[in-house]
Amino acid sequence: LDSISPHGAVTSIPGFGKLKERINLTKGVGYIIGALVGDGWYDKIRGSFARVNLAGIEKEVVEGFLSNITQIFKEMPYVGYRESFESYGKSERHYICSTDFAEWIAPLIGKGAKNKHLPSFWFSAPREFKLGLLSGLLDTDGSIAICHGKEKPQLSANISSISLRLLQEAQHLLQTLGVKSRISFSKKTQVGNDFWSL
């Protein structure tokens, strides 16, 4: 498995517009999906898929995401930007207006933070795609910390989420890349959701 068709085995469906007929499972495509699993979502307007959003204020993440979009689209779609200052401070949203992209990405990432997951085909995907998927996830839901559990302080890479399924899948992904990890319960969020760390 080194590529996927947005519409299964069929390679030409009217209405899929600017998406490529086949999308190669490159590191860049993995990064896009991983970033959307971490900080992305799709919108529906009046019941129809409308756009894909990526939240974030880190310039490098946004650039990494947008620079790989051409691997999915035949031509560059419209990319919008919105900035707001609400209860949690500054937030930024970059959005891609494409009903086809939203419909394609929806089953690959899940809806709502609690239901986020990796795409079902990740296990059979090439190593480069897996590395991109992990990179996108780390750049959005990840952090680096200093742990003092052993004699000498050690650096630790962490992924945090209220989706236990996502962290279990990420742990399995890491195993296929030769990396050991563990999942622990972290705390309750402000709205009472369980919060986990990998």
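User: What secondary structure does the protein chain have?
Analyst: This is a predicted model. The protein chain comes to 5 helices and 10 strands. Of its 198 residues, 42% are buried.

User: And what share of the contacts joins residues at least 24 apart?
Analyst: That share is 58%, counted among contacts between residues at least 6 apart in sequence.

User: Which residues have the most contacts inside the largest nonpolar core?
Analyst: They are I33, L36, I72, F101, W104, I105 and F129, in a core of 42 residues. At least two residues of this core come from each of α1 (27–39), β4 (48–55), α2 (59–67), α3 (99–109), α4 (127–141) and α5 (164–176). As a general point, nonpolar side chains tend to be buried together in soluble globular proteins.

User: Why is α3 described as largely enclosed?
Analyst: Because 8 of its 11 residues are buried, α3 is largely enclosed by the rest of the structure. The buried residues of α3 are D100, F101, A102, W104, I105, A106, L108 and I109. Just after α3, G110 takes a positive phi of about 85 degrees.

User: How do α1 and α4 pack, in angle and distance?
Analyst: Their angle is about 35 degrees, and the axes are 6 Å apart. The crossing of α1 past α4 is right-handed. On the α1 side, the residues making the contact include Y31, I33 and V37, while those of α4 include F129, L133 and L137.

User: What classes of residue make up that contact?
Analyst: The contact of α1 with α4 has 9 nonpolar, 7 polar and 5 charged residues.

User: Changing topic: how many disulfides does the structure hold?
Analyst: The structure holds 0 disulfides.

User: Is C97 buried or partly exposed? And C147, buried or partly exposed?
Analyst: C97 has 36% relative accessibility, so C97 counts as partly exposed. C147 has 33% relative accessibility and therefore also falls in the partly exposed class.

User: One last item: where does R46 lie?
Analyst: R46 is in the loop between β3 (40–45) and β4. Its phi is near 50 degrees, a positive value in a residue other than glycine. For context, most residues other than glycine have a negative phi.

User: Is R46 buried or exposed?
Analyst: R46 counts as exposed, because its relative accessibility is 80% and the class begins over 50%.

Key: Residues numbered from 1 in each chain as written. Predicted model: local features only at pLDDT ≥ 70, side-chain atom pairs only at ≥ 80, totals over all residues. Heavy atoms only, no water. Core = buried A, V, L, I, M, F, W, Y, C linked by side-chain atoms within 4.5 Å. Buried < 20%, exposed > 50% of the residue type's maximum accessible area, 1.4 Å probe, protein only. Helix = DSSP H or I, 4+ residues; strand = E, 2+ residues; numbered from the N terminus. Axes fitted to C-alpha atoms, helices over the stretch in contact; angles between N-to-C directions. Left-handed = near helix turned anticlockwise from the far one by under 90°. Contact = heavy atoms within 4.5 Å. Nonpolar A, V, L, I, M, F, W, Y, C, P; charged D, E, K, R; others polar. Disulfide = S-S within 2.5 Å.
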